[in-house]
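Please look through the model below before reading my notes. Keep it open as you go.

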Amino acid sequence: MADAPNSPTNNFIRKIIADDLAANAHGTKVLTRFPPEPNGYLHIGHAKSICVNFGLAEEFGGQCNLRFDDTNPEKEEQEYIDAIKSDVQWLGFQWADEVKFASNYFPQFYAWAIHLIEQGKAYVCDLSAEQASEYRGWATEPGKPSPYRERTVEENVDLLTRMKAGEFDEGSCVLRAKIDMASPNMNLRDPILYRIRKETHHQTGDEWCIYPSYDFAHGQEDAIEGVTHSICTLEFQDHRPLYEWFTENLPVPSTPKQYEFGRLSINYTVTSKRKLKQLVDEGYVNGWDDPRMPTISGMRRRGYSAQALRNFCDGLAVAKTDGTVDIAQLEFEIRNDLNDNAARAMCVLNPLKVVISNFPEGEVKTLTAALHPNKEEMGTRELPFTKELYIDKADYSEDTTLGRKKFKRLVLGDHVRLRGAYVIKADETIKDENGEIIEIRATLVEGTIGANPPPEQKPRGVIHWVSATESVAATVRVYERLFNVENPGKDSESFLHDVNKVSLSVVENCFVEPAAAACAPETRFQFEREGYFVADKIEHTSEKPVFNKTIGLRDSSKK
RNA sequence: UGGGGUGUCGCCAAGCGGUAAGGCACUGGGUUUUGAUCUCAGCAUGCGUAGGUUCGAAUCCUGCCACCCCAGCCA
């Protein structure tokens with residue numbers, strides 16, 4: 001895969017793979033894997049991991065597995081599996097053959113547990129969780145051996161068999177590896193291999209009541225699948241010795257190696273499945289795919305394109321630093337992609353009626369407008385012009401002292417260009433009994449479609465508009481940041497305290513030009529001078545259009 | 001605290017002993033029927049810090065400091 005234009009020139013994992021290939025360390029193929037636990041929806045951080053794993057594989061002519069690390073039935077659900085598959089595909093990646101599940105290998109894991117017992121390297125421990133914690137010791141003090149550490153092979157096999165048969169209650173015992181209770185690495189102080197969970201599993205039903213721990217599963221899953229480079233995040237560095245202990249002490253078919261890189265954090269949001277689930281469960285947002293969520297499905301519904309997300313991820317470093325990327329970096333990629341690929345259209349969010357005095361009543365003049373100012377190949381759309389129009393309230397002022405540089409919009413007595421149409425002059429303001437402006441009377445300057453008026457009628461600027469009679473009433477949802485602070489929860493009791501309570505505004509009675517209203521759900525537009533918008537995936541119809549604001553245009557006006 | 005990591009511009013980041021790439025953000029100029037796009041220019045005598053080695057150090061050595069991770073029968 002070619003580097004994205006701004007992507008870091010290299011990274012340490014890429015070098016390792018290139019060196020391994022050169023040294024023929026794993027043969028000539030590269031196999032990576034993306035191993036989510038199906039306990040929530042994927043977020044922007046996972047998008048990075050997906051891009052790294054699938055991207056590296058693709059770059060070296062290899063493949064990437066999608067494998068569900070489903071070793072804990074308590075938190076996992078089929079809904080998450082479906083959503084994760086859909087998100088990966090939407091991003092444009094295809095996993096190697098069929099989807100994999102850790103649960104596919106449960107019988108093998110069990111056989112290997114018996115193997116470890118027979119080698120004297122595992123034992124059933126009856127310590128309670130609290131006792132085990134005490135026995136584990138602390139940073140400066142070594143742990144003490146469990147009183148059950150020296151059970152015989154026969155006894156351990158019998159006990160494990162009965163654990164599997166469901167004879168014991170949850171929490172009454174576990175299977176542990178016999179490694180080193182004095183290790184400075186806590187993960188090596190006789191880690192748990194199996195625990196009892198009398199819970200129905202989404203894949204295996206009630207077939208098992210003992211479930212392997214992450215450590216006892218992950219490396220073996222990689223080994224079974226022939227993964228060559230097992231790429232994970234920094235917090236697993238301390239687990240690498242354990243990962244290797246299993247591949248060394250078990251008759252695994254291959255010996256994958258684990259490499260860790262820094263997980264992605266972004267300011268003004270959270271990237272933690274636990275926290276995101278809380279936002280959903282406690283009603284701060286309307287579901288995992290709420291456009292304010294940093295989930296892949298949320299960003300999709302917001303109107304972010306898969307390409308923009310991939311460009312963003314490809315621009316991130318794969319390194320061991322754990323920094324926080326500025327959300328502006330993501331927003332740049334969104335605008336950059338949408339500027340190139342979104343068709344232009346016009347939509348008035350705060351309508352103010354303009355009546356063109358010198359345009360015949362009832363006539364519809366069909367203009368033609370480009371779908372993109374710099375890409376002729378994108379074609380054109382029809383744009384109806386009528387006597388009554390709408391412009392945005394913010395684009396009109398009666399203050400005739402406003403400088404032309406300062407206010408490049410319509411001012412009483414002055415000229416402005418209606419985008420793609422005529423130059424008009426505001427002649428009169430109509431107000432209601434409260435002094436509220438309800439209508440503007442204007443005249444158009446003949447011959448100004450596709451041509452400039454004489455210098456004395458030079459427009460102050462260009463504003464967007466829509467026909468009052470030919471446009472379609474639409475709902476537009478405008479989103480602000482979900483959090484008020486850069487690092488939610490950093491300086492408050494809970495990240496929930498930093499939630500922006502007014503992150504959603506639903507604007508009814510907007511007017512969108514007919515060509516845009518007719519679009520299919522998930523069609524992205526740039527509503528000129530407003531920003532990028534997408535027709536809602538679920539609720540949009542041509543009759544009752546619903547658009548979500550993806551992001552505003554850059555605004556360099558000095559306020 | 002014991003162990004594992006990391007420290008280069010406001011943010012991300014390349015660099016791996018030869019004299020600080022790039023992107024975002026920001027600032028200023030130009031073009032423009034989007035205050036958009038595009039375009040031009042500016043933006044670290046400095047690489048956590050203190051010493052040392054060297055003709056030469058962000059890069060090597062030593063000490064110190066800061067931050068992150070582990071101490072779940074979560075992953």
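This is a predicted model: local features need pLDDT of at least 70, side-chain atom pairs count only at pLDDT 80 or more; totals for chains, interfaces and linings use all residues.

1. Start with RNA strand B. It is surrounded by 66 residues. Thr140, Arg344, Lys405, Arg419 and Gly450 are the closest.

2. A backbone N or O atom of Gly450 sits 2.4 Å from a base oxygen of RNA strand B. For Arg529, the distance from a backbone N or O atom to a base oxygen is 3.1 Å.

3. Which elements supply the surface near RNA strand B? At least two residues each come from α5 (129-135), β7 (192-196), β12 (324-325) and α12 (327-341). The largest share is that of α12, with four residues.

4. Now sort that surface by class. Near RNA strand B there are 23 charged, 23 polar and 20 nonpolar residues.

5. Turn to Val348. Find it in strand β14, residues 347-348. Is Val348 buried or exposed? Its relative accessibility is 0%, so Val348 counts as buried. The cut-off for buried is under 20%.

6. What is Val348 in contact with, beyond its neighbours within four places in sequence? The list is Tyr390, Ile391, Asp392, His464, Trp465, Val466, Cys510 and Phe511. Compare sequence and space for one more pair: Val348 and Ser467 are 119 residues apart in the chain, yet their C-alpha atoms are 9.9 Å apart.

Conventions: Residues are numbered from 1 along each chain as its sequence is written. Chains are lettered from A and ligands numbered from 1 in the order in which they are written. Side-chain values use heavy atoms; hydrogens and water are left out. A residue is near a molecule or strand if one of its heavy atoms lies within 4 Å of it. A polar contact is a pair of N or O atoms within 3.5 Å; within protein, one must be able to donate a hydrogen and the other to accept it, and residues adjacent in sequence count only if both atoms are side-chain atoms. Ala, Val, Leu, Ile, Met, Phe, Trp, Tyr, Cys and Pro count as nonpolar, Asp, Glu, Lys and Arg as charged, and the others, Gly among them, as polar. Buried means under 20% relative accessible area, exposed over 50%, partly exposed in between (1.4 Å probe, protein chains only). Contact means heavy atoms within 4.5 Å.
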